[in-house]
Amino acid sequence: MTILQIKRGKYMAKKSGSVIYKCSSCGYSQPRWLGRCPECGEWNTFEEIVIDKNAVSPAGRGSGETKKAKPIELVTVKAQNSVRLSTGNEEFDRVLGGGATKKSAILLGGEPGIGKSTLLLQTSKNIANAGAGILYVSGEESAEQIKDRADRLELDCKNIRLLCTSRLEDCLDAMDELKPAFVIIDSIQTIYSAEAGLIPGTVNQLKYCANEFISWVKNRDSVLIMTAHVTKEGTIAGPKSLEHMVDTVISFERNNDDIRFLHAQKNRFGSVDEIGIFSMTEKGLVTIADPSSLFLTKRSDKQPAGVACTPVFEGSRAFMVEIQALTVPAKASLSRVYSEKIDSGRVSRIAAVIEKRCGLSFSDQDIYVNVAGGIRLTESSIDTALAVALYSARTDLAVDAKTCIFGELSLAGEIRPVTKTKQRIAAADKLGFTKIIAPQDAEERVLFGGLKDVVREVFRS
């Protein structure tokens, strides 16, 4: 859009990139700076404005003008505490770092059918009940489909404003009119604008539409949540730059059961270590606030060989997990490692340490490793428990069910200390573990030494 100026009785069209001066008090503009506005009489109110047809500013979408950016002294900037808005979901708020930050953009990725729309519809109900304005934009489902889901989940849909469209311009017009505190876009791959073509989901469409939404919330006290599909490799579909444009990237995953995991891959306003755990039921997603025993297998018989229990930390919470290992003779003399929830490279390294330091061969074995409950483990503290599980599977010697093991394992076979030892021991005590094997600086009831000492202590008859 061009800005028209009256000069000598003629209309002069301003070209993109040119500069005008505009009064911040009354909006009067002219090509030169003046100390006093001739329209309203205010002094020192003229600001330098750049004509930019792509500008998105508080002056309004498509106004074609934006303030010229100028460098400032960092020391003169006043820090502001981020204001957070609760989603009404304890686990969702935990992953976000205590709630959604105003003027932030959140990207939620997950495979089809995992429950992204269910989570956001339940979140919409919580936000609406709290009195905050919300706009739910759906480009994939009709209003009737969304209402059917809400009825099935027995959700109160009052105060939820629903917009079923794929046109970016319709979305922005509704946002300008309603000025909601939360804007949910489900999903960003379905939104298109004629400015970037007519086919949704292309690289240009994703970047253009996401930038328009993000620019809108950055100029207002609103929160933007966009859902995105994932590829077969588990990464968010579309250009990788979309992840750099937003403030928070959240991944929604599941195990083979009805358990769902929500964790942040990027968070400018909080930690990425927190994890949210949900159970999918007939009434939707139910939060699991205390996952202490969720990842332990309940057995009436003796614990089988190849199983070891260890405490892990996910954000601020410690809970016990069960590592399962199985070794079988390799086929065609080529050994392989099968591990999804623990990095296969780590499994191979631990097996090599056992072979070197304990004299137990794995070179002719196929190794299978699993984590009960389907949670993905990345902590170094699981090294020792993984080593014990592999040793147990290879020798067919079972670990006592009340034994807990943790510690980082070095290539020299040494057990290195890990952080938050007291909390790990407390988590084990809570679930009735009576024997705790841990690095030497832990506390009482711990083992001093390396991998050989651990193996000797665990399998002592």
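Okay, let's start with Ser381, which sits in the loop between β21 (365–371) and α8; helices (H or I, at least four residues) and strands (E, at least two) are DSSP runs, numbered from the N terminus. Quick housekeeping: this is a predicted model, where local features need pLDDT of at least 70 and side-chain atom pairs count only at pLDDT 80 or more, while totals for chains, interfaces and linings use all residues. Numbering runs from 1 along each chain as its sequence is written, and side-chain values use heavy atoms, with hydrogens and water left out.

So, is Ser381 buried or exposed? Ser381 is buried, at a relative accessible area of 1%; buried means under 20%, exposed over 50%, partly exposed in between, with a 1.4 Å probe and protein chains only. Its neighbours, leaving aside residues up to four places away in sequence, are Thr310, Pro311, Phe406, Gly407, Glu408, Val418 and Arg424, with contact meaning heavy atoms within 4.5 Å. With Arg424 there's also a side-chain polar contact of 3.3 Å (a pair of N or O atoms within 3.5 Å; within protein, one must be able to donate a hydrogen and the other to accept it, and residues adjacent in sequence count only if both atoms are side-chain atoms).

On to α8 itself, residues 383–395. How many of its 13 residues are buried? Eleven, so to speak a mostly covered helix, and among them are Asp383, Leu386 and Tyr391. Just past the end of α8, Asp396 has a positive phi of about 65°.

Disulfides, meaning pairs of cysteine sulfur atoms within 2.5 Å, number zero in the structure.

Note on methods
The expected span of a helix is 1.5 Å times one less than its number of residues.
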